[in-house]
Amino acid sequence: MAPGLVCADCGRTYEAGPNEPWQCACGAPLELNMEPALGDPPQTFDREAGLWAFDAFLPVDREVTLGEGWTPLVDAPTWDATFKLEYVFPSGSFKDRGATTTLSRAVTLDVDRVIEDSSGNAGASIALYAARAGIPGEIYVPTGVKPPKRAAIEGTGATVVEVDGARADVSQAAREAVAAGKGWYASHAWNPTFYAGTMTAAYEIAVQRGFEAPDAMVVPIGHGTLFLGLYRGFAALESAGWIDRMPRLLGVQAAGVAPIAETVGTAAGTQTKNELADGIQIAEPVRAAQITRAVRETNGTVIAVAEEQTRATWHTLHRAGFHVEPTSAVAVAGLEAYRTHGLDRDQDVVVPLTGSGLKSA
Ligand SMILES: [Zn+2]
């Protein structure tokens, strides 16, 4: 049985099903109507099961998997930090954490078509897992999406729908298709099952580090799917006693499209757009209020980084052996900026590298 949905803002609840709403009647995003509870940590984890090693703590049954998870945690001496290689996933980005749980719920609900909108990575990931599930996918992308990303989506057999206009227009078109009854909205921004999947990044980091949380994590923020997953995951770990404190969550956005940095940090809205970071150019994150709360509760902050810094860091990353896409370099450029502005070198910092360079040509 799949859990139903609940609104954290107004308390309305909804039954699970293929026609369940993707948004509360009050306009807020929905959550799964069950408390995420971690029990005692098991003696061992079945890494062969990938992130489903944590299935006892996931609000969905494993229906669709490609062995995703347990991404490497490696030393990055150039930056006195540890990188979690979130680009080592079946579709080449961390989005597979959310796609494996989201498509698993879709199978449980007997959904006959999934709809997603994306600038690339989330679309490729949902399309890949839809193919694995045998469910047709329809992915809405902006006109001019990078050809390798479009090819990754199309190669799965999913239908690609190009939409002219801003990123928000692409989402609007996808939601109109959902409203017209064309399919279930497997949105990485809206669908709460996606965040249940991204929480596993925190679980893995805790286990890989012997249940010691880092001092800080530096994390890119577009819609905040990984950022919120980490926050929720570390919060669950702390309340279950697996770790004894939360890491500070330090966010990084693209200059020019940095709404959270403008709210909690110091970014000015007039900065030149960082076009290299196209993967995180989200002007209105669906869960902005939750992200802001997570930043404040962990004594974090958010900054915006410019295109020149991103490009320079991207090249340095490649020369250091990290074959990532430009958007991933934003987080490391952010780490460099944080170091310059008071984050001590002896602070133990983990940075996720979110997307592979292989589909970013
Ligand atoms: Zn509501």
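Predicted model: local features only at pLDDT ≥ 70, side-chain atom pairs only at ≥ 80, totals over all residues.

Modeller: A search of the whole structure gives 12 aromatic pairs.

Colleague: Why is the pair of Trp79 and Phe322 called edge-to-face?

Modeller: The ring centres of Trp79 and Phe322 are 6.5 Å apart and the planes stand at 65°. Pairing asks for centres within 6.5 Å, and edge-to-face for planes over 60 degrees apart. The pair is therefore edge-to-face.

Colleague: What makes this pair a tie between parts apart in sequence?

Modeller: Trp79 is in the loop between β4 (73-76) and β5 (81-85), and Phe322 is in the loop between α10 (307-319) and α11 (326-340), so the parts tied together are 243 residues apart in sequence.

Colleague: Are Trp79 and Phe322 buried or exposed?

Modeller: Buried means under 20% relative accessible area. Trp79 has 4% and so counts as buried; Phe322 has 7% and so counts as buried.

Colleague: What makes the charged end of Arg47 sit over the ring of Trp70?

Modeller: The charged end of Arg47 is 4.1 Å from the ring centre of Trp70, and the limit on that distance is within 6 Å, along with an angle within 35 degrees of the ring normal. Trp70 also belongs to a cluster linked by ring pairs, with Phe45 and Trp242 among its members.

Colleague: Why is the site of the zinc ion called tetrahedral?

Modeller: Cys7 (SG), Cys10 (SG), Cys24 (SG) and Cys26 (SG) coordinate the zinc ion at 2.2 to 2.3 Å. The angles among the four donor atoms are 102 to 119°, and tetrahedral requires all angles between 85 and 135 degrees, so the site is tetrahedral.

Terms used:
Residues numbered from 1 in each chain as written. Heavy atoms only, no water. Phe/Tyr/Trp six-rings, centres within 6.5 Å; stacked < 30°, edge-to-face > 60°. Helix = DSSP H or I, 4+ residues; strand = E, 2+ residues; numbered from the N terminus. Buried < 20%, exposed > 50% of the residue type's maximum accessible area, 1.4 Å probe, protein only. Donors = N, O, S within 2.8 Å, 3.2 Å for Na, K, Ca; no water. Tetrahedral: all angles 85-135°; square planar, octahedral: opposite > 155°, others 65-115°.
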